[in-house]
Amino acid sequence: MALFFFFLLFLVPSSKCVEFKSLHGQHVPRGDVDLLEFPLNLEYFEAELFLYASLGYGLDKVAPNLAMGGPSPVGARAANLGPLLKDIILQFALQEVGHLKAIKKTVKGFPRPLLNLSAASFATVMDKAFGYTLEPPFDPYANDINFLLASYLVPYVGLTGYVGANPKLHGAVSKRLVAGLLGVESGQDAVIRALLYERKAWEVKPYGITVAEFTDRMSELRNKLGHDGLKDEGLVVPPNLGAEGKIKGNVLAGDKYSVAYDRTPEEILRIVYGSGNESVSGGFYPKGGNGRIARSHLWSA
């Protein structure tokens, strides 16, 4: 009998590899579910920021069912954008709606967390990045440059999370979804960085600080909050940090092999909470993120 149970252990797959058929008809390993749901926190952020900036309203009007009863974002509003950037940001916004649908078609998901997308919330981030209070307070909705700088904060963090999640996934459906999401998030980040790179020497009014320095300070802050070394780079870097260690221009961020950096959910929470601690909510998420991973850290605090 003991021998029978010994062989049975090898025949029963690990719980992480057992597949279940979700309500949406997708076969997803149970161990993949949390990793697929966690990015909803950032996808909600991006969808609301881009929708409000380009249209003046968000998911509650565009696709209310996707919010799943979660509270409306605080402080989001239409941005003062020129025709070209408004068109691009609207494209991004609708792409994010698609991302929310794609994830929820695969796993159940969770309600939209409370998001603080007020100008004051972004101003706090910029003040932390520079180590002093900017006067007047930074307003992400004021003009094209300010909104591009605010947008610099968003897709890049998401794409590093997808890079970090990919090797931990077991199922083909999961890997295909994350690869597809990563492709578009990376594209959004590339567009934002390219538009900023074209203007890297411009001074952000009225601060007298260049666009390049803004991106550098923001990247330094994210590295500091993440607590896991260099995973973020501005638009201009020392040549030894550029591609092949030979160039200062850094329109795309990557490691010494020009491969995208990765981040864990914990690193991402430390950054978006602005606290440097995955168990201390705040920043853009006053009550913390949703889903098992984010809530587990808050419960343990």
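Y261 counts as buried, because its relative accessibility is 11%; buried means under 20% relative accessible area, exposed means over 50%, and partly exposed is in between, with a 1.4 Å probe and protein chains only. This is a predicted model, where local features need pLDDT of at least 70, side-chain atom pairs count only at pLDDT 80 or more, and totals for chains, interfaces and linings use all residues. Residues are numbered from 1 along each chain as its sequence is written, and side-chain values use heavy atoms, with hydrogens and water left out.

Back to Y261. You will find Y261 in the loop between helix 11 and helix 12. Helices here are DSSP runs of H or I with at least four residues, strands are runs of E with at least two, and both are numbered from the N terminus. What is Y261 in contact with, leaving aside its neighbours within four places in sequence? The list is Y156, T160, V163, L230, K231, D232, E233, G254 and D255, where contact means heavy atoms within 4.5 Å. Take V163 from that list: V163 and Y261 are 98 residues apart along the chain, and their C-alpha atoms are separated by 7.1 Å.

H227 lies between helix 11 (211-226) and helix 12 (265-273), and its phi is near 60°, a positive value in a residue other than glycine. E244 lies in the loop between helix 11 and helix 12, with a positive phi near 55°, and E244 is not a glycine either.

Now the whole chain. The protein has 13 helices and four strands. Its radius of gyration is 20 Å, close to the 19 Å that the globule rule gives for 301 residues, so the protein is as compact as a globular protein of that length. That radius is taken over C-alpha atoms, and the rule is 2.2 Å times the number of residues to the power 0.38. Along the principal axes, the C-alpha trace spans about 80 × 45 × 35 Å. Buried residues make up 50% of the 301 residues. Of the contacts between residues at least 6 apart in sequence, 70% join residues at least 24 apart.

The largest nonpolar core has 78 residues. Such a core is a set of buried Ala, Val, Leu, Ile, Met, Phe, Trp, Tyr and Cys residues joined through side-chain atoms within 4.5 Å. Which members touch the most other members? They are F45, L49, F122, F138, F147, L149 and F214. Helix 3, residues 40-55, gives the most to this core, with 10 residues. As for F45, not counting residues up to four places away in sequence, F45 touches L115, L117, F122, V154, F284 and Y285.

On either side of helix 3 there is a loop residue to look at. P39 sits in the loop between helix 2 (30-37) and helix 3, and P39 counts as buried because its relative accessibility is 13%. G58 sits in the loop between helix 3 and helix 4 (59-62), and G58 counts as buried because its relative accessibility is 3%. Leaving aside neighbours within four places in sequence, G58 is in contact with E48, L51 and Y52.

Where are the cis peptide bonds I want to show? One joins E135 and P136, with omega about -5°; P136 is in the loop between helix 7 (119-130) and helix 8 (144-151). Another runs from K205 to P206, with omega near 5°, and P206 lies in the loop between strand 3 (203-204) and strand 4 (209-210).

Last, helix 13. L298 belongs to this helix, residues 292-300, and L298 counts as buried because its relative accessibility is 17%. Beyond neighbours within four places in sequence, L298 is in contact with residues including Y273, E278 and K287. L298 and K287 are 11 residues apart in sequence and 9.2 Å apart in space, C-alpha to C-alpha.
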